Amino acid sequence: MRIGSQKGRKREERLSAMEERSRETQQEHALVDELQAAVAQLSRDGALDRVSELLAGIAPADEKAARETRECWDALAKPLDGLGMIEDAVCRIAAAQGSCRVRAERRMVAVFCADNGVVAQGVSQSGPEVTASVARGLCERSTSVCAMAHTARCAVAPVDVGMLEDVDAAGLIASKTARGTADISQGPAMSREQAAQAILVGACVARTAAEAGVDVLLAGEMGIANTTTSAAVACALLGGDPERLTGRGAGLSSEGLARKVSVVRRALEVNRPDADDALDVIAKVGGFDIAAMCGFYLGAAASKRPAILDGFISCVAALCAVRLAPEVRGYLIASHLSAEPAAKEVLLALDLKAPIHARLHLGEGTGAVALLPLIDLGLAVYGDSRTFSTAGIEAYEHLS
């Protein structure tokens, strides 16, 4: 009798889990439909002026909420700062949301897909056909980030912001700025107006998701040769040497890496991007994915939502956003230290520390999603643990 009862409970639990997953899938589809409708209404006119308006609407994160959250952490019956950077991440979420009652139930990773003309210089093992293939996989929920997002209860929103190919797949948010960028080793990647247009797409995705009730925003990318464009942007913004800041990306031989370094150096010489003007840097040596992620972080800040960064490429986009609006930094949360050589310097420039050091370099937002379970564990402690007071023991004190 007891065995039968156990089997019955397990069956009920499986059915409950299936119903919950079905509800989450329906919610995800509805969110993607809302995002598609929003970007479809975006005007292409006056993009530069509208970016200026976006920047003007960004207020600093709420440091009072962060302090109150830290006080809540310190009141729990455990060693002070015992969960380290997990506690820090929860405090940053609170600052972004403006409340110590942290919300992280609904989360979404937007994956911005675009192609880069510099691929013609042999800086990658693959061609633009791979960008389209992965975009289809994102729509089919069959890529790496989709598998991880399923486990982390995170919606996935793939966005075509500049792929060469038109991908006809349900669930792809179509907002193509152009069919790929120009070759940065020969001239500017895009016009300043196009850079602004792509920024607005990213901002629209973030703002619409926030309005739909998403609590935590994440961004990823897919675009062959985008570690080349990211290296060029990082060199321009940080004043670094291409040989030191350019990495192997998805996997290059030593000969391929040398060629990539040469291409980045040539792009900087040909275009002479202005380090004091992040929009100029993006337009001259960046990509549509970088521009859109930059806009996504701007939109997250404008909507008072925390934004979890992925790897090197997304961190470069975040640095562009912070250079455009310094207040954005208070809304950003680092996830992992990418294997790319410039990643550490970009995070240092952002004044952010990454909790995960695992040699990740997959992209798609996988590193950002990998942080979600750690945040969930932290919130479980934050919300459900006893305090020093309820435990009847003396609280720890911060010692100098």
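Reply: A definition comes first: two strands count as paired if DSSP finds at least two bridges between them. The model discussed here is a predicted one.

Me: How do you know that strand β1 is paired with β2?

Reply: Strand β1 (residues 107–114) is joined to β2 by 7 bridges, and the two run parallel; since the criterion asks for at least two bridges, β1 and β2 count as a pair.

Me: What makes β2 and β3 a pair, and what makes β5 and β6 one?

Reply: β2 and β3 run parallel and are joined by 2 bridges, which meets the requirement of at least two; here Val159 stands opposite Ile173 in β3. Strand β5 (residues 307–308) likewise pairs with β6 in the parallel sense over 2 bridges, and Ala307 stands opposite Leu332 in β6.

Me: Why are β3 and β6 called edge strands?

Reply: The 6 strands form an open sheet with parallel pairing, in the order β3-β2-β1-β4-β5-β6. β3 (173–174) and β6 (332–333) each pair on one side only, and they are therefore the edge strands.

Me: Why is strand β2 described as largely enclosed?

Reply: A residue is buried when its relative accessible area is under 20%. In β2 (residues 155–162), 8 of the 8 residues are buried, so the strand is largely enclosed by the rest of the structure.

Me: How do you know which class Lys304 belongs to?

Reply: Lys304, in the loop between α12 (288–302) and β5, has a relative accessibility of 38% and so counts as partly exposed, given the limits of 20% and 50%. Phi of Lys304 is also positive, near 55 degrees.

Me: What makes up the lining of the largest pocket, by class?

Reply: The lining has 12 nonpolar, 16 polar and 6 charged residues, with Gly counted among the polar ones. The largest pocket holds about 570 Å³ of space; of its 34 lining residues, the closest to the centre are Asn226, Thr227, Ala250, His361 and Leu362.

Methods
Residues numbered from 1 in each chain as written. Predicted model: local features only at pLDDT ≥ 70, side-chain atom pairs only at ≥ 80, totals over all residues. Heavy atoms only, no water. 1 Å grid on protein atoms, 1.4 Å probe; cavity = no way out; pocket = protein on both sides within 12 Å on 5 of 7 lines; lining within 4 Å. Points joined across faces, edges and corners; volume = space filled by probe spheres on them. Helix = DSSP H or I, 4+ residues; strand = E, 2+ residues; numbered from the N terminus. Buried < 20%, exposed > 50% of the residue type's maximum accessible area, 1.4 Å probe, protein only.
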